[in-house]
Each structure stands twice: as C-alpha cells, then as structure tokens.
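Please read them with the structure open.

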Amino acid sequence: MSTIYMIRHCETTGQAPDAPLTSRGEDQAQRLCEQLLELPISHIISSPYRRAIDSIQPLATALQLSIIQEDDLKERRLSAVPLEDWQDHLRRTFVDPDYTCPGGESSRTATGRIIRVVEEALQQHDVSILVTHGNLLSLYLHALDPTFGFEESLQLKNPDIFKVTQIDGVISFQQIDLY
C-alpha cells in the first residue's frame, strides 16, 4: 500500500504566483503542521507558488525535510485573459476535458500533469505530502471519481486534505477532517 496526502493550500491574499498567505492562512499552516506531524512523512512536494510552499513550510521545518518544488503541481491556467463568466467556463471544462479558453490549459492537459506527479509519489511506497491548488486538485479527484465535478470543487476549503491510497494498483481517496 502507498499513501499520499494531497493538500490544497491555506488561505491566501490572491492568485498571483507570489501571493502570500493571509494571517488566517498562516495560522492554518501552523494547525496543518500540528495535524500532520505524527504521520510518517518522508517527502514533501509542492507547487512552486508561494501560497503552497508557505502552507507546508511549518511542517517541513518541524520534520526537518526539504520541500521539493514541482512545476506540474502549479495551478491550472484557465485563460490568459480575464473572463467575466469564468465559472461558466470552468464548469464546462469538467464536462469537456478538451475545452480550452484563450491562452488557457485544457482539463485533459492539467489532469495529465497532476496524475504524473501522483503516480511517481505513489511508486515511492512511503508517505508523501503533495501541496497544490483547488482546481488542479479537483481535476485529479474528478479523474478518480467522475461524480466529483464542478459543484464538488466549489466545496473545497483552504486548506483541504485528501488521503490518496493505492492498494494492489487500485487508487482511492478520502477527504480528511481538519483540526
């Protein structure tokens, strides 16, 4: 059996790659550390975005582990231009994985990125933490269970934790209660 914990980052001040956590997000990162500290974690892999790294830094410090930055865990780019009706476009990407907004990334492409990272982590046969972003995490969960769709993605919290296990080649997930 292999296990990873996929984490959506803590509360942030914005969507830019260098957006820091809010003060509430910093408190959430400390509580996240306390909750995960007793797990036998051997690897921490994170999106290179500041909000993801800052969300897991307290745990990495406490466990004396380095954070491996993985570009394939960065948030999915829906569009290169602002969209007034962005939620309608996002909803469509859960139904049509090849739908792409101008300058954006399709669900199929984004899902392929995160699946590759998860599969590599699961092959390690130890416990890893992967820190990513809401839409990318939702696309991964949707790939595992098509009933996890757009509406379910709107229910994700900052932070949120999903335990992903692989037993005899079968991958499943469960949401973990926070604090």
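1. Is Ile129 buried or exposed, and what is its relative accessible area? Ile129 is buried, with a relative accessible area of 0%; buried means under 20% relative accessible area, exposed over 50% and partly exposed in between, with a 1.4 Å probe and protein chains only. The residue is found in strand E4. Ile129 and Leu36 are 93 residues apart in sequence, while their C-alpha atoms are 9.5 Å apart in space.

2. On the basis of these notes: this is a predicted model, in which local features need pLDDT of at least 70 and side-chain atom pairs count only at pLDDT 80 or more, while totals for chains, interfaces and linings use all residues. Residues are numbered from 1 along each chain as its sequence is written, and side-chain values use heavy atoms, with hydrogens and water left out. Helices (H or I, at least four residues) and strands (E, at least two) are DSSP runs, numbered from the N terminus.

3. The parallel strands. Strand E2 (residues 41–46) runs parallel to strand E4 (residues 127–132), and five bridges join them; two strands pair if DSSP finds at least two bridges between them. Ile41 stands opposite Val127 in E4. E2 also pairs in the parallel sense with strand E3 (residues 67–69), over three bridges, and the partner of Ser46 in E3 is Gln69.

4. The crossover. A right-handed β-α-β unit is made by E2, helix H2 (residues 50–63) and E3. Right-handed here means that, with the strands pointing away from the viewer, the path from the first strand over the helix to the second runs clockwise. In the loop between H2 and E3 lies Gln64, which has a positive phi of about 55° although it is not a glycine. Gln64 counts as exposed, at 74% relative accessibility.

5. The antiparallel strands. Strand E1 (residues 2–8) and E5 run antiparallel and are joined by seven bridges; the bridge partner of Ile7 in E5 is Ile161. E5 and E6 pair in the antiparallel sense, over seven bridges, with Thr165 bridged to Ser172 in E6.

6. The hairpin and a cis bond. The hairpin of E5 and E6 has two residues between the strands, and Asp168 takes a positive phi near 50° there. Asp168 is exposed, with a relative accessible area of 77%. A cis peptide bond joins Asn158 and Pro159, with omega about -10°. Pro159 is found in the loop between H6 and E5.

7. Aromatic pairs. Rings of Phe, Tyr and Trp (its six-membered ring) pair if their centres lie within 6.5 Å; planes under 30 degrees apart count as stacked, over 60 as edge-to-face and the rest as tilted. By this rule the count comes to four aromatic pairs. Phe94 and Phe150 form an edge-to-face pair, 6.2 Å centre to centre with 65° between the planes. Phe94 lies in helix H3 and Phe150 in helix H6 (residues 150–153), so the pair ties together parts that are 56 residues apart in sequence. Both Phe94 and Phe150 are buried.

8. A further pair. Phe162 and Phe173 are also edge-to-face, at 6.0 Å centre to centre and 70° between the planes. Phe162 lies in strand E5 (residues 160–167) and Phe173 in strand E6 (residues 170–176), so this pair ties together parts 11 residues apart in sequence. Phe162 is buried, with a relative accessible area of 2%, whereas Phe173 is partly exposed, at 24%. Ring pairs link Phe148, Phe162 and Phe173 into a cluster.

9. The largest pocket. Its volume is about 780 Å³. A pocket is an open set of points on a 1 Å grid over the protein atoms alone, where a 1.4 Å probe fits, with protein on both sides within 12 Å along at least five of seven lines; lining residues have an atom within 4 Å of a point. Grid points are joined across faces, edges and corners, and the volume is the space filled by probe spheres set on the points. The largest pocket is lined by 24 residues, of which Gln15, Glu75, Arg76, Trp86 and Asn135 lie nearest its centre.

10. Helix H5. Among the contributors to the lining of the largest pocket, H5 gives the most, with three residues. Nine of the 11 residues of H5 are buried, so this helix is largely enclosed by the rest of the structure. The buried residues include Asn135, Tyr140 and His142.
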